[in-house]
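Subject: Structure handover

Hello,

Here is the structure I said I would pass on. My notes on it follow below the entry.

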There are 2 protein chains.
Amino acid sequence: MRYLIAGAGPAGSLLACYLAARGHRVDVFERRPDPRRGDDEEGRSINLGLSARGVLALERAGLMDRVRPLTVPMRGRVVHAAGRTSFHPYGTHDEEILHSVLRRDLVTLLIDHAHGLGARFHFGRRVTDLDRQAPAVQVEGEWIHGDAVVGADGAFSTIRTHLHRGLRADHHQEFLPWGYKELTMIATPGFRLEALHVWPGGDGLIVAHPNRDNSLTATLFLPYDELEAITDPEAFFAGRFPDALPLLPDLAKEFAANPVGHLVSVRTTPWHHENKVVLIGDACHAVYPFYGQGMNSALEDCLLLDASLDSFAAFETARRPHTDVLDELSRENFVELRQRVASPMHAARKRADLLLARLLPGRWRPLYTMISHTTTPYADALARARKQEAFLRWGAAAVTAGLGLAALTKLAGRNTGHAHRSR
Amino acid sequence: MRYLIAGAGPAGSLLACYLAARGHRVDVFERRPDPRRGDDEEGRSINLGLSARGVLALERAGLMDRVRPLTVPMRGRVVHAAGRTSFHPYGTHDEEILHSVLRRDLVTLLIDHAHGLGARFHFGRRVTDLDRQAPAVQVEGEWIHGDAVVGADGAFSTIRTHLHRGLRADHHQEFLPWGYKELTMIATPGFRLEALHVWPGGDGLIVAHPNRDNSLTATLFLPYDELEAITDPEAFFAGRFPDALPLLPDLAKEFAANPVGHLVSVRTTPWHHENKVVLIGDACHAVYPFYGQGMNSALEDCLLLDASLDSFAAFETARRPHTDVLDELSRENFVELRQRVASPMHAARKRADLLLARLLPGRWRPLYTMISHTTTPYADALARARKQEAFLRWGAAAVTAGLGLAALTKLAGRNTGHAHRSR
């Protein structure tokens, strides 16, 4: 079989590994230049949090041992609020951690590995059209035929546009009215590096991932109008995120030089045409980044599609309900990160959740744990979390009712006793 | 000013009337042939229900006197269920009626009128690209420049696609899993022509509009899989809609010949670029047809845009919240038409609604009345309907509480009386 893949990001490159390992002929077309040649990948997130789903997908390709040295473990979340920091571990076990990795390091490894297995990469070559029936892709005016085409070409997928042409395609695309800007932080002495750092700030938010060189990649999320109104970044940080300011040595220069990133969410269908064309990753389910699952779900797609190469329809049918749930969760987590993360109630609930997980090992799993530290399908994880919550409410009601009943019994006993005595 | 309009449907043609009447230079590009030359407009609804919003927009263009003779009044809804028919008037006043009109009759009148005012129509000429900054449209490889471009080119608007290119555009496009087929009904003796006819049928539905020649245009809505499974239309109707069968003399032939129509809903933003490009009608808010407001809202757009030609931004800001509400209402009404319309409870509620409207003239207005027989903006109508419902619930609660209080007072009185007597 000859597979034509559009897009050499994490999803396209990992799928190339899987397909090449099965002995298929694989060609990957990527409009950007070869990331191994060190050109900048403008407009993309440079730092990512790898969690259980991504780890499993990389393990299956036999790559995790080579990925691990490229990562920095993140053992929990450090929340910076009101001049103080608090640490919230991600889980109850040592394995329940995230791994911070540079996008370029990961993609480079994947491309090298796929290349070693015989996949061919064509950089700087943009797919401009698709013949879904052939199937074939047009690259610089030339039609290239294959047995199947994979669209791994991101949230604004060209493959998807042409796949959907003339079909009854549902498509939901939404931009958050928040933009983001990436900035480099340098850890000061005593700064806890092995964690994800969060500065909640009302309608704004900073999230920072650690790198291996004592730096962190920080992302400032802010409503567009506020972001565009910043003329003096140092004054802005001094006012809104004062404890982040000392960590940003190049703030003014980077703020001026770095572009404003956009946050888009995409839900869409169909993902496939017969067994000829299929979409993976952001091309079929782009999510807001606030659950840290965008890349992880894309890598998981590769694993699931690899098990369903004989039926793209089965892949879509099984997978789409789960990525739809991920879309919801990613929206909700933005509110959580911006606002609730700093509240004592939220911290108490998180602690109670982890305590229950310790008391009921294997039976109580916080939603965040299931999403980030297991490969339980997203919708199943949400359903289970809802059951747990119902159980908790029921339990609380039962305890309340029990206490009430006990009080009543006591009262009744007293009355009965009194009655007896009065006889 | 020179306006370039893409699309010569009801919205594009009416806007051409308005703009030409203001003395602007107007060019309308339409990819289909001239409807006045009698070629079939494939894939479009051939019969429409004109209501208050559309009527007002046509009146403002001075056209209603010429439109009225083309219409058939629909004074209410006839529901056909279980071998019986029931008539439900649309309102409490004689003016609260709908007007059934053939799409081609209306569009022909609008084009003739706009043409008489100096607008130029270019049929069989497809707009293939937009330069939103110029602004200019590409037609058959030639760039045509104007002062403003209007996209009135329907749910799959080319103007919209190019308007949104590279912008942070939100776009929600959804197909119902129901298709439709249009069929010709011939009224049998005694058949009430001046009404909209509805055959509810679980997951299927027939809606029929009367024409001036004793025929009706019937639309069968059915889930795709069921629609595609029909091999013998007469057997299907005999089983599912037996009382519609005698009205369909050409059923087998028409069923085979007529294409399956699709139902798409579109919510999107932005609708405009500076004061250079603007969308109207289905191009920016396509709705399911079940509230009968698709064309009416498009004609109303013309009226509102005509009052806001100096600010396309103001037009979008003021209008979009209302068409978003219309989208919701149109979805909900599909369930109502298919399922609830045949239930006695629903009929009773409708009657109670009209009764309240008669008892509280000008103060109680059923939602359907506000949407179809007034020009109250859609979201305002919904907000008012919700207030009325809350009032009704509060009223019911007050009545219940009052009755309870009365009973209690009576009881207390009795007890007190008894106490007095016992003293």
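In what order do the six strands of the open sheet in chain A run? The order is E8-E2-E1-E12-E19-E18, and the pairing is mixed. Before going further, please keep in mind that this is a predicted model.

The sheet in chain A

Strand E8 (120–123) and strand E18 (272–273) of chain A are the edge strands, each pairing on one side only. Inside the order given above, strand E1 (residues 2–6) and strand E12 (residues 148–151) of chain A pair in the parallel sense, with four bridges between them. One position to look at is Ala6(A), whose bridge partner in E12(A) is Gly151(A). As background, strands of a sheet pair through backbone hydrogen bonds, either parallel or antiparallel.

The interface

Chain B puts 11 residues in contact with 11 residues of chain A. Between them the two chains bury about 1200 Å², and 48% of that is on carbon and sulfur atoms. On the side of chain B, the residues that lose the most area to chain A are Arg168(B), His172(B) and Phe175(B); together they account for 45% of what that side buries. Strand E13 (residues 170–186) of chain B supplies the largest share of the side that touches chain A, namely six residues. By type, the residues on that side of chain B divide into four nonpolar, four polar and three charged.

What kinds of contact cross the interface? The count is nine residue pairs in polar contact between chain B and chain A. Salt bridges across the interface come to zero by the rule used. Strand E13 (residues 170–186) of chain A is joined to E13(B) by three bridges, and the two strands run antiparallel. Within that pairing, His171(A) has Gln173(B) in E13(B) as its bridge partner.

How the two copies are related

A rotation of 180° with 0.1 Å of shift along its axis superposes chain B on chain A, with an RMSD of 0.1 Å. The two copies are therefore related as by a two-fold rotation axis. In chain B, the C-alpha nearest the axis belongs to His172(B), at 2.2 Å from it. Both copies use the same surface, in that 100% of the contact residues of chain B recur in chain A.

Backbone points to check on screen

- Ala134(A) and Pro135(A) are joined by a cis peptide bond, with omega about -15°. Pro135(A) sits in the loop between strand E9 (127–131) and strand E10 (136–139) of chain A.
- Thr269(B) and Pro270(B) are also joined by a cis peptide bond, with omega about 0°. Pro270(B) is in the loop between strand E17 (261–269) and strand E18 (272–273) of chain B.
- Glu140(A) has a positive phi of about 50° although it is not a glycine. Glu140(A) lies in the loop between E10 and strand E11 (142–145) of chain A.

Salt bridges

Over all chains the rule gives 38 salt bridges. One of them is between the side chains of Arg53(A) and Glu300(A), at 3.3 Å from N to O. Arg53(A) is in helix H2 (residues 52–60) of chain A and Glu300(A) in helix H9 (residues 294–306) of chain A, so this pair ties together parts that are 247 residues apart in sequence.

Regards

Technical notes:
Residues are numbered from 1 along each chain as its sequence is written. Chains are lettered from A and ligands numbered from 1 in the order in which they are written. This is a predicted model: local features need pLDDT of at least 70, side-chain atom pairs count only at pLDDT 80 or more; totals for chains, interfaces and linings use all residues. Side-chain values use heavy atoms; hydrogens and water are left out. Contact means heavy atoms within 4.5 Å. Buried area is the accessible area (1.4 Å probe) that two parts lose on being put together, summed over both. A salt bridge is a side-chain nitrogen of Lys or Arg within 4 Å of a carboxyl oxygen of Asp or Glu. A polar contact is a pair of N or O atoms within 3.5 Å; within protein, one must be able to donate a hydrogen and the other to accept it, and residues adjacent in sequence count only if both atoms are side-chain atoms. Ala, Val, Leu, Ile, Met, Phe, Trp, Tyr, Cys and Pro count as nonpolar, Asp, Glu, Lys and Arg as charged, and the others, Gly among them, as polar. Two strands pair if DSSP finds at least two bridges between them. Copies are superposed by least squares on the C-alpha atoms of residues with pLDDT of at least 70 in both.
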